[in-house]
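The stops below are given in the order in which to select them.

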Amino acid sequence: MVDEYDNWAKQRSRVLTGAFLYVNHIQPKYKPVGDMKILCLPGAKGHEITKIYDVLGIKRSNIFGVEHHQESFEALRKSNLGIELYHGSLLEVLENAKSQGRSWDIISMDLKSYFTRESRYMIQLIVSDHLLGRRGTLITNFLGKREQGVHKEMLEDIFHAIKHPLVPYGVNNKPLFEMTPQGMKIAAEEPFDLKHDRSETITRIIIEAAKRGRVELDLSILAPFYKQHDVEAWVAELKEDLITRGLDFKTMAWYQFPGRNDAEKLATSYYMGQQGSFAIVDYFRDRWFPREFLHLYTYLETQCYLPRAIESEKYTSPKGAPMLTDRFFLDQFEEELNPLANFFAWDDQFELCVLPNIEGASSFFKKAYRLRPNNAIGFDLEKNQKVKIMDRRLNAQIQPILRQATKTVNRLSHISKTSKDISLDRTFIGSAASEHAEQRYSPTDLDLTDYLQELKRTGTIKTKRRKRRR
Ligand SMILES: C[S@@+](CC[C@H](N)C(=O)[O-])C[C@H]1O[C@@H](n2cnc3c(N)ncnc32)[C@H](O)[C@@H]1O
């Protein structure tokens with residue numbers, strides 16, 4: 001039998017994964033490589049460990065290997081790699097990680113299957129539960145064919161949802177985001193061709209999920225916009241309402257979404273259907289908050305991951321199966337956002353207050369109330385004046401913080417926008433079934449140690465110049 005994972009095309013993909021990890025995550029020294037933790041599916045032979053992580057200097061004891069297949073797990077166990085092993089599904093591991101206090105610097109989902117609802121749910125768990133800590137690399141590998149039924153429909157639905165442009169749109173001089181009628185028309189007419197659009201759709205699903213962060217499965221972010229104090233009570237109320245109307249909530253569309261509980265299922269449904277995002281956008285628009293406030297609020301609340309680097313490629317397995325690989329180096333930009341952590345607070349009337357903790361405020365909310373948009377902050381479209389604060393003394397304290405907030409938001413929004421503009425054309429490594437294609441690669445291209453050395457030699461990877469000793 002042909003070993004699906006023991007061929008040059010797969011090996012070239014591993015080398016590119018190793019190079020991506022080295023360049024984006026390891027060389028910039030965010031943390032010592034010896035402290036980095038990995039979650040992966042090493043496969044029966046553990047090639048991912050020996051051919052990538054060993055070369056990069058990652059400690060085997062920091063690697064958590066998951067395998068659900070009995071025979072493969074036994075083979076992996078017998079090879080005594082010295083990694084932590086788990087016999088079970090990756091989904092179980094991800095669902096329980098947060099409550100067990102686990103997170104990883106690198107999560108590698110080298111799956112054999114096509115992109116399913118379950119795959120999307122696994123991504124949701126990673127980004128919503130912050131399983132990559134404050135920054136980390138996510139690597140995914142999916143079979144690029146055979147989606148059927150709900151899985152195929154999901155790809156098509158999300159393809160359209162992503163294509164629906166949310167653009168700055170002035171309605172009655174309100175300068176926030178709306179979906180334009182033209183945008184809706186274009187989106188509805190956009191044809192979806194699985195063969196052509198699959199790879200880009202999968203990559204975009206993952207980027208968009210990362211950019212939503214905690215919100216993906218957490219309804220609590222939405223609660224205040226619906227005047228709700230408590231998520232459990234809110235969900236109970238919604239269910240009660242359905243029951244009173246003689247409807248069975250188990251037949252509802254939202255109940256079919258994956259989630260560890262009803263609130264998570266509802267969260268997915270709110271955000272997939274975009275009504276969650278619209279509720280937030282409407283709130284800010286109706287109060288004439290400047291646009292930066294909306295962005296800052298969502299960055300702070302969702303603690304989302306923005307991509308610092310993305311790479312995609314494709315190869316064909318020995319059996320002719322197209323495999324789609326994506327790599328994302330994601331960051332929560334904590335350093336930038338932490339100083340602004342107390343910028344917003346909700347009062348008991350579900351009004352969002354800004355800067356409630358401003359120095360010199362005699363009580364927590366007293367000054368914040370004065371900063372409510374209606375009497376303190378306005379947005380003059382004609383003059384394009386964003387913020388106008390009445391109280392001069394407060395003004396002096398607030399302006400530097402507002403400037404800092406605006407700068408941070410602009411920087412993060414730029415990064416977020418750039419990920420939309422990234423060309424997602426995939427590099428095609430080649431087909432493992434074709435010897436002809438292999439000849440394009442030298443032995444150096446197929447060995448991570450040699451490849452990294454070559455990149456350093458040619459200056460593609462910068463090496464620090466050693467100081468000469470006198
Ligand atoms: C593509 S292979 C891994 C190859 C390996 N990363 C390498 O570079 O050689 C995927 C492995 O993960 C296992 N697997 C697939 N899906 C899984 C899941 N959801 N949970 C646990 N193990 C899974 C498969 O049985 C298989 O052994």
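**Before selecting anything.** Residue numbers start from 1 along each chain as its sequence is written. This is a predicted model, in which local features need pLDDT of at least 70, side-chain atom pairs count only at pLDDT 80 or more, and totals for chains, interfaces and linings use all residues.

**Stop 1: colour by pLDDT.** pLDDT is the predictor's confidence in each residue, from 0 to 100. The protein chain has a mean pLDDT of 84, with 81% of its residues at 70 or more. Select residues 167-178, where the pLDDT is below 50; this stretch has 22 contacts in the model beyond near neighbours in sequence. Two residues are in contact if their C-beta atoms, placed from the backbone, lie within 7 Å. Next select residues 372-390: pLDDT is under 50 here too, and the model has 30 contacts for them beyond four places in sequence. Where pLDDT is low, the predicted coordinates should not be read in detail.

**Stop 2: the ligand.** Select the shell of 19 residues around the ligand; Y5, L41, G43, H47 and H68 are the closest. A residue counts as near if its C-beta atom, placed from the backbone, lies within 6 Å of the molecule. At least two shell residues come from each of α2 (47-56), β2 (63-67), α4 and β4 (106-114). Helices (H or I, at least four residues) and strands (E, at least two) are DSSP runs, numbered from the N terminus. Which element supplies the largest share of the shell? Strand β4 does, with 3 residues. By class the shell has 8 nonpolar, 6 polar and 5 charged residues. Here Ala, Val, Leu, Ile, Met, Phe, Trp, Tyr, Cys and Pro count as nonpolar, Asp, Glu, Lys and Arg as charged, and the others, Gly among them, as polar.

**Stop 3: α1 and α2.** Show the axes, which are lines fitted to C-alpha atoms, for helices over the stretch in contact; angles run from 0 to 180 degrees between N-to-C directions. The axes of α1 and α2 come within 10 Å and cross at roughly 25 degrees, so the two helices are roughly parallel. Angles under 35 degrees count as roughly parallel, over 145 as roughly antiparallel, 65 to 115 as roughly perpendicular and the rest as oblique. On the α1 side select Q11, R14, T17, G18, L21, Y22 and I26, which meet E48, K51, I52, V55 and L56 of α2. This contact of α1 with α2 has 6 nonpolar, 3 polar and 3 charged residues.

**Stop 4: α1 and α17.** V15, G18, A19 and Y22 of α1 make the contact with L448, Y451, L452 and L455 of α17. The classes in the contact of α1 with α17 are 7 nonpolar, 1 polar and no charged.

**Stop 5: α4 and α5.** Select α4 (residues 90-97) and α5 (residues 117-128), packed at an angle of about 30 degrees with axes 9 Å apart. That makes α4 roughly parallel to α5. In the contact are L90, L91, L94 and E95 of α4, and E118, M122, L125 and I126 of α5. Of these contact residues of α4 and α5, 6 are nonpolar, none polar and 2 charged.
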